[in-house]
Structures are given as C-alpha cells and as structure tokens.
Amino acid sequence: MNSLKLTYFDFSGGRAEPARLAMHIGGIPFEDSRFAPSDFAQVRQSTPLNQVPTLHVNEVQVTQSDAITRYVGKLAGLYPEDGFQALLCDEVMGALEDINIKIGATFGMKGEEQKNAREALAADALPRYLRWLQNQLESHGGAFMADNCLTIADLKAFGILRWLSSGKLEHISSDLLETVAPKLNDYMTRIAKLPAIAEYYGSRGVS
Ligand SMILES: N[C@@H](CCC(=O)N[C@@H](CS)C(=O)NCC(=O)O)C(=O)O
C-alpha cells in the first residue's frame, strides 16, 4: 500500500474535502496534513504550483484536486468501474469545479466589485449550473449523481452545495439552492445523513 499524505487548509470544506471524505468512507489510511490559513504563504512554497491541495503518494507530490479525488475515490470504491458512468461522474465533477473557479475569482475582490460579481453569479451562472446539476441527479435516478450509488461526484457536490447554502458567502443568498433547484436541497440533506458522512462531521464537531 502506498503511503498517502494530503495537504490542505484546516477547515471542513474546499478542494480537498471530497478526497478526505472518500478516504474516510473507504477506510483508506492517510496522513491528514492540515495547516492554518495564516500558514498558507509558507506551505505553498513547498508545493509544485504554489497551490493546495497536494497528495504525496510515497515521495511523489501530486497536484490537482479532481485528479487526487479520483485516485483516492478508486482506492475507496467510490468511482464507477463502468466507463460511461465514470464519464457522467467526471462530467459532474468538472461542472462543480467550474463553480469553484467562478466563486474563487470573487475572493480577490472587495466592496462593490465583489458585490456586483457575486450578484451576477447568483442571477445567471449559478442558477444555470444548479438547475443542470438537479437535472443530472433526476435523470440518473434521483438518488445519486452517477452510477446509482455514492461516488466522488456526490462528495464534491455535497461540499459545494453546503458551501453555497452556508450563508458564509456574502451576496449569495443561503436560499439560492431552495429557490432554483429545490431537489438539490433535499439531496444535500440526504447525503449529510448517510451514516459515514454524519459520523465524520459529528466526530469533528461540524454541524
Ligand atoms: N486546479 C487546482 C486549483 C487549486 C487552487 O486554486 N487551490 C487554491 C486553494 S483552494 C490555491 O492554492 N490558491 C492559490 C493560488 O492559486 O495561487 C486544483 O483543482 O487543485
């Protein structure tokens, strides 16, 4: 078994959370190397692209969150074996990463600029992506994003939907999900109640 070390911020969310959850659910041993946001400037010096997350697989330090999640998802049995279902899983992962990038771009902004950019996202791109995700869910059976079972696409969707609904993103209403894609809201609640996920967050004191 390769030794695995995942390096990311010490919070329950963001680009490493699906990989953390996948390894937890699959019982894959790994070093969960967390650092305080205030240490980012120093930590990034030791990463190939000055970004996190990274995954050390033995001595090799790998970048790109979706590649990392896919790798550990395979180890954990949370990635479809069927090629077409894998495509549908990857499609959802890619769309979710688009959301990450769109919102991420507003973090460097301040004041009116940030307000305008986020209100524009909440009026156009986010509803479009959320409705599309809801449609994927429904057309793939209604319970999971792909393969009729829990996959890494659900873990990533869960994290991003929880973030969008948290009320922590200024100028993005915590009601957005309920307003534009209510079935995704029910889905997020169901995923949160899956025993392995409820137990993971319960043990970390995250509600
Ligand atoms: N494509 C990369 C993006 C990684 C990324 O942007 N990470 C953020 C933190 S979540 C970061 O390190 N930002 C600093 C920077 O890009 O300079 C991935 O998916 O891992």
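Student: What's the backbone nitrogen of Lys183 sitting 2.8 Å from?
Tutor: A polar atom in the side chain of Gln134. That's a polar contact (N or O atoms within 3.5 Å, one able to donate a hydrogen and the other to accept it; neighbours in sequence need two side-chain atoms). The model is predicted, with local features needing pLDDT of at least 70 and side-chain atom pairs 80 or more, while totals for chains, interfaces and linings use all residues. Numbering starts from 1 along each chain, and side-chain values use heavy atoms, without hydrogens or water.

Student: Is Gln134 buried or exposed?
Tutor: Buried, because its relative accessibility is 13% and the cut-off is under 20% (1.4 Å probe, protein chains only). Gln134 belongs to helix α6, residues 125-139 (a DSSP run of H or I, at least four residues).

Student: Which residues touch Gln134, beyond four places in sequence?
Tutor: Val180, Ala181, Pro182, Lys183 and Leu184, with contact meaning heavy atoms within 4.5 Å.

Student: And Leu130?
Tutor: Again beyond four places, Leu130's contacts include Val180, Ala181 and Leu184, plus Leu161 and Leu164.

Student: New topic: how do α4 and α7 pack?
Tutor: Their axes are 9 Å apart, at about 25° (lines fitted to C-alpha atoms over the stretch in contact, angles from 0 to 180 degrees between N-to-C directions). They therefore count as roughly parallel, the cut-off being under 35 degrees.

Student: Who meets whom there?
Tutor: On the α4 side, Cys89, Val92 and Leu96 are among them, and α7 brings residues including Ile160, Trp163 and Leu164.

Definitions and conventions
Helix = DSSP H or I, 4+ residues; strand = E, 2+ residues; numbered from the N terminus. Buried < 20%, exposed > 50% of the residue type's maximum accessible area, 1.4 Å probe, protein only. Parallel < 35°, antiparallel > 145°, perpendicular 65-115°, else oblique.
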